[in-house]
Amino acid sequence: MSADLRGRTVVLGVTGGIAAYKSAELVSRLRKAGAAVRVIMTENAARFVTPLTFETMSNHPVVTDTFERPETWEVAHVALAKAADVFVIAPATANILAKMAAGLADDMLSTTVLATKAPVLVAPAMNTAMWSAPVTQKNCAELLSRGVRFVGPEGGFLACGDTGAGRMSEPEQIFEAIVDILQPRRDLAGVKLLVTAGATREYLDPVRYLSNESSGKMGFAIAEAARDRGAEVVAVAGAVTAPIPEGIRVERVTTTLDLLDTMTRLAPEADVVIQAAAPADYRFAEQYSQKLKKADGVPLTIALTENPDVAAAVARLKRPGQILVGFAAETECLLENAEKKLAKKKLDLIVANDVTAPGAGFNVDTNIATLLSARFGRQDCPLQSKRALAETILDTVLRLRGAE
Ligand code: CTP
C-alpha cells in the first residue's frame, strides 16, 4: 500500500534497547511517505544509537535527556505533545510501559507522552522473561484499556540469547500500524453491517428483571470500527453501560423477543450481521403489572420460559453472500462449546471467549478470543483492546466475503 502521510506529524519516542537502531529505518520510511518526524530519545536510548543518526534521518533536532536540561522539557514537551498526529514509542522497554501505566513523568519522553492527546502506539522490545512478567502484562493490560495500541512484540531469537516473545516488530509492520492509525482503511465502504450489543432484560414486574453483565463495549467497538472503515452501520442495543457511538443508527430493544423482532426486520437488508449482544435465554412465564409483594416467609418459585435463539432465527433468513457472525460466551470447554454453536446457529464465524479469564468478557475494555470458522479454521487473538479485536473480526469478515 502506498501511504501518503504528507502534512502529518509522527512523534517517535526511542527508549533504550538494542532494537533502537531499527527505528532509524522507521524514520526513513515515514519521511519517504511524507510525514514529519520528531524524535525524543531517552538517556539510555542515546547509549545504543547516537542522536545524530536520528537527527540526520528526521532532519530535525532530536530531544534527548542526555544533558540535563529540565527547562527545555517545559517548552518542548507541550509543543511536541500537541504537534503529534500519532505518538509512537519504538522500541518500548518494560520501563517506559511501567512509567506510562503509572502516569510517571520524570524525563522528556514520559512527560510528553503523558501530555499528548494523540493516539499512542507502542512497539515493545525486551527480554522474554521481562515481557511475560506478570507486572509487565498487567501494565500492558492497563495501557490497552486506556486505548494505547500495540504492535508486537514478535517471537523468535532475542539479542540476549533467549527465544520467545520480546523482539520488536520490524519497521515495516510498525509503519503499517502507523498508517492504519493515520489513514483508516475504507475497505467496508458500501457494506451494510448490522451489529447487536449489550444485554436484554426480562421483567418480572415493573421494578425487577433478569439480565446479565454485558455492557455493549464489544458490540460498540465493532460498530465504531466498521463505521471508520466506511460501512453503513446499524446497531441494535439492549441495556448498555458503554457510551452510544456517534455516526451510526441505533435501535433500542429491551427483551429478547424485542431483539428477535428487530433482527428479523433488519437482518435481511444487511450484508454482514454480527451478534455481540448477550440476550437473556429465559423470560418469566408470567409477568406482573404491579410490584410483586413478599409472602411472609413462604418460598417463592418462579417459572421461566426459554427465549427463542435470535441468531438461529437470523440464520433461517440468510440470503446468499450474507455473512453471519456470532459470539460464544463460555466459562468452560471454550472451543468445544463454540464449535457446537458455530454449527447449530449456522454461523460463518464465531468469536469464542472465556468470560471468566482476567481481561476478557463482560464489562472490560479488553478481550481474549479465538475466532473459529469452517472456512479458515482457528485464529487465536491474545489479550487486546476490544477495538483491536473488532478490527480483526472485520478483517476476517472481509476475507469470508472474498471467499464466497
Ligand atoms: N444468542 C441469540 N439468542 C439467544 C442467545 C444467544 O441470538 N437467545 C446469540 C448471541 O448473541 C451470541 C450467540 O448466540 O452471538 C451465543 O450466545 P451465548 O450466550 O454464548 O450462547 P447461548 O446460545 O445462549 O447458549 P448457552 O447459554 O447455552 O451457552
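Predicted model: local features only at pLDDT ≥ 70, side-chain atom pairs only at ≥ 80, totals over all residues.
Residues are numbered from 1 along each chain as its sequence is written, and side-chain values use heavy atoms, with hydrogens and water left out.

Select the ligand and the 14 residues around it, among which Gln275, Ala311, Phe327, Lys341 and Lys345 come nearest; a residue is near a molecule if one of its heavy atoms lies within 4 Å of it. By class, this shell has eight nonpolar, two polar and four charged residues, where Ala, Val, Leu, Ile, Met, Phe, Trp, Tyr, Cys and Pro count as nonpolar, Asp, Glu, Lys and Arg as charged, and the others, Gly among them, as polar.

Now colour helix H12 (310-316) and strand E15 (323-330), each of which supplies at least two residues of the shell, with E15 giving the largest share, four residues. Helices (H or I, at least four residues) and strands (E, at least two) are DSSP runs, numbered from the N terminus.

Next, show Ala277, where a polar backbone atom is 2.8 Å from an oxygen atom of the ligand, and then Val310, where a polar backbone atom is 3.0 Å from a nitrogen atom of the ligand.

Finally, select Leu342 in helix H13 (residues 334-344), which is buried (under 20% relative accessible area, 1.4 Å probe, protein chains only), its own value being 8%. Leu342 and Ala374 are 32 residues apart in sequence, and 8.6 Å separates them in space, C-alpha to C-alpha.

Notes:
Polar contact = N/O pair within 3.5 Å; in protein donor to acceptor, adjacent residues only side chain to side chain. Buried < 20%, exposed > 50% of the residue type's maximum accessible area, 1.4 Å probe, protein only.
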